[in-house]
Amino acid sequence: ELQLFLLRPHRAYPVIQALAKAGLARDEVSSAIMYIYFYTGEAQALLNYGVKKEIVPASEESSLFREDSPLAALWQAYVRLVGLPYLWHVLSDTLHRIAQASDRNKRVTNRRSVMLAGPADYDESSFLQAKSFELDKRKLEEVDEYEINILHLKLAAQTTFNRIKQTPFPAELGGFLVKLSNATKKKFPELVSGLVANFAFLRYICLAITTPHSFGIWK
C-alpha cells in the first residue's frame, strides 16, 4: 500500500521535502523512492515533476535546484541506477591507476630519462603506469619528480576527457537533461547551459571523480 501511495509524484515529492526540512534521512528515502519509480518505469516522470516543482514557484535563479532540494537527491539516486556503466568506462582505469600509485614503494625506474626524452616519446601507457602522482614537494625524494608528476596528471586528465568526449552519454540521463533544459529555458533562459553542466558534471561525473567509492568505482 505504501508503494502504491508513493507511486504518485505529487505524493512522493512532499515526503522528500518534509524529510529535508526536518534534517532526517532524505537521501536514503529518496533512493528508495527512486528505486520504486525506476523499476516501474516511472523514474523520468518523478524527475520531471521535480523540475516543475522547482521552476514554477521560483522567483529568482539562486533558489533553483539547490543541493538540499528533493530533485538533487533524486538525481543522485537516478545516476547510480542508470549511469554507472558509463562512469566505469570513462573513469575507472585512470582512477584505479592513480589509487594504486599512492603506494610510494612502487616507482618507475629511469623517470628522469623518460622526461628528458621529449614529448614525442610520451605515450598514454607510460604516463598512466607511473607510480607517483604526488604533488606535495615535501613527500618527493627527487627535485624533478614534481614536474614529472604534473605531466602524469595532465595526461591522465586528458585521457579521461577524451573518453568522455568519445563515449555516448547515457540516453536516460541525456533525455532528462533535455527536458530540464527546455523547462528552464522558458523562465530562466540564461541559466540553461550552466544548469545542464551542473547536473551532468558537478552532480555526476565530477562527483564520481572526487568520491569514487560512493559510485562503486573503488572501495
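How many helices and how many strands does the protein chain have? In this predicted model, the protein chain has 11 helices and zero strands, where helices (H or I, at least four residues) and strands (E, at least two) are taken as DSSP runs and numbered from the N terminus. Read from the N terminus on, the order of elements is accordingly α-α-α-α-α-α-α-α-α-α-α. Residues are numbered from 1 along each chain as its sequence is written, side-chain values use heavy atoms, and hydrogens and water are left out. Because the model is predicted, local features need pLDDT of at least 70 and side-chain atom pairs count only at pLDDT 80 or more, whereas totals for chains, interfaces and linings use all residues.

Of the 219 residues in the protein chain, 38% are buried, a class defined by a relative accessible area under 20%, with exposed meaning over 50% and partly exposed the range in between (1.4 Å probe, protein chains only).

In soluble globular proteins, nonpolar side chains tend to be buried together. When residues up to four places away in sequence are not counted, F65 touches V51, E54, I55, L71, L180, T184, L195, F199 and R203.

The second largest pocket has a volume of about 190 Å³. On a 1 Å grid over the protein atoms alone, a pocket is an open set of points where a 1.4 Å probe fits, with protein on both sides within 12 Å along at least five of seven lines, and lining residues have an atom within 4 Å of a point; grid points are joined across faces, edges and corners, and the volume is the space filled by probe spheres set on the points. Two or more lining residues are given by each of helix 6 (84-100), helix 9 (145-166) and helix 11 (192-210), with helix 9 contributing the largest share, six residues. The lining includes L91, L153, F161 and F201, and by class it has 10 nonpolar, two polar and no charged residues.

In helix 6, S92 counts as buried because its relative accessibility is 11%; a polar atom of the S92 side chain lies 2.4 Å from the backbone oxygen of W88, and S92 touches L87 and I217, residues up to four places away in sequence not being counted. R80, which lies in helix 5, is partly exposed, with a relative accessible area of 27%, and, its neighbours within four places in sequence aside, R80 is in contact with L207, S214 and F215. P168, by contrast, lies in the loop between helix 9 and helix 10 and counts as exposed at 67% relative accessibility; the C-alpha atoms of P168 and Y86 are 8.3 Å apart in space, although the two residues are 82 residues apart in sequence.

Terms used. Nonpolar A, V, L, I, M, F, W, Y, C, P; charged D, E, K, R; others polar. Contact = heavy atoms within 4.5 Å. Polar contact = N/O pair within 3.5 Å; in protein donor to acceptor, adjacent residues only side chain to side chain.
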